[in-house]
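Subject: Structure handover

Dear colleague,

Here is the structure to look through. My notes on what was found in it follow below.

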Amino acid sequence: MIKLGVNSVLFKEFDFAEAAKHIAACGYDGVEIAAIQGMCEHLDLSRWKQQKSELQAIVQENGLTFLSTEVASLNEERLLPAFEAAAEIGIPIVNVGPGGKLGVEEDLQASIEMLARMAERAASYGITLCVKAHVGNAIHNTPTTLRAMDSIISPAFGIDMDPSHIHRAGENAEKALPAVLSRVKHVHIRDCKGREQGPGPIMLQACGRGDIDLYGYCKAMVDGGYDGPVVVEVIGASPEHTLAQVSIVAAESYGYLNAVLKQLNAR
């Protein structure tokens with residue numbers, strides 16, 4: 001059964017206990033705890049040892065599981081403590097962005113080399129390191145994702161396939177997925193209108209509200225045998241958004257994804 005979760009960055013204006021309570025109330029199985037420096041640090045890598053027991057208790061009390069954490073940065077000084085924290089807390093996957101600039105071959109090579117090196121370090125902690133194609137970064141579409149897959153053989157390395165970034169790279173995500181699915185170990189998912197650089201307002205990132213063929217994307221996942229975590233990642237919540245508003249985005253996305261995956265016999 002595919003497990004559904006939410007990245008806690010959607011609840012960035014609220015503490016992790018409040019986020020977990022509302023994520024569970026929406027019906028989700030688990031949570032991706034944000035460790036994104038400068039944006040949302042529900043997992044604070046500078047004091048994770050002090051947080052460990054509290055975070056584990058919050059997740060357990062709400063009937064959730066830790067599906068992943070998003071560090072976003074490919075900075076070694078962030079990743080090494082993230083691997084240690086994930087191993088100790090019980091978080092199986094660490095997600096990052098590739099960094100570098102689109103169209104710069106040296107940046108693509110450097111990103112792939114860093115990912116390969118960090119995947120080996122992740123393996124030593126029993127953790128999987130996943131990267132996703134990201135708008136404007138060195139790995140930004142399916143061809144550059146395939147370059148990374150061809151170069152990094154570690155089983156501790158995986159692809160975090162995010163249809164909104166592939167959509168905004170000018171591809172149809174549901175058609176692009178089969179080419180990389182053999183190495184996909186995590187899925188970030190959200191909708192978006194148009195193919196602009198940014199993902200748009202948070203309400204329009206709710207699954208089913210945008211232009212991405214998310215039914216086709218889910219069908220391609222299931223048809224290809226994917227059974228890993230699918231995590232709603234909505235970026236852009238602000239202090240003006242109420243707890244009710246961010247919870248509606250989470251709940252609406254759960255309803256859409258759960259119905260689609262049940263129809264596909266994946267839940």
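How many helices and strands does the chain have? The chain has nine helices and nine strands, where helices (H or I, at least four residues) and strands (E, at least two) are DSSP runs, numbered from the N terminus. The radius of gyration of the chain is 17 Å, close to the 18 Å from the globule rule for 267 residues, so the chain is as compact as a globular protein of that length. That radius is taken over C-alpha atoms, and the rule is 2.2 Å times the number of residues to the power 0.38.

Two notes on the source. This is a predicted model, in which local features need pLDDT of at least 70 and side-chain atom pairs count only at pLDDT 80 or more, while totals for chains, interfaces and linings use all residues. Residues are numbered from 1 along each chain as its sequence is written, and side-chain values use heavy atoms, with hydrogens and water left out.

The whole chain

The C-alpha trace spans about 45 × 40 × 35 Å along its principal axes. Of the 267 residues, 55% are buried (under 20% relative accessible area; exposed is over 50% and partly exposed in between, with a 1.4 Å probe and protein chains only). Among contacts (heavy atoms within 4.5 Å) between residues at least 6 apart in sequence, 79% join residues at least 24 apart.

The core

The largest nonpolar core has 85 residues, and Leu-129 and Met-221 touch the most other members. Such a core is a set of buried Ala, Val, Leu, Ile, Met, Phe, Trp, Tyr and Cys residues joined through side-chain atoms within 4.5 Å. Leaving aside neighbours within four places in sequence, the contacts of Met-221 include Ile-2, Leu-177, Tyr-226 and Leu-261.

Two loop residues

Is Ser-8 buried or exposed? Ser-8 is buried, at a relative accessible area of 0%, and lies in the loop between strand E1 (4-7) and helix H1 (16-26). Beyond neighbours within four places in sequence, Ser-8 is in contact with several residues, among them Phe-16, Glu-32, Cys-40 and His-42.

Met-39 is in the loop between strand E2 (30-36) and strand E3 (40-41). Met-39 is partly exposed, with a relative accessible area of 36%. Not counting residues up to four places away in sequence, Met-39 touches Val-9, Lys-12 and Ile-235. The C-alpha atoms of Met-39 and Ala-244 are separated by 20 Å, and the two residues are 205 apart along the chain.

Regards
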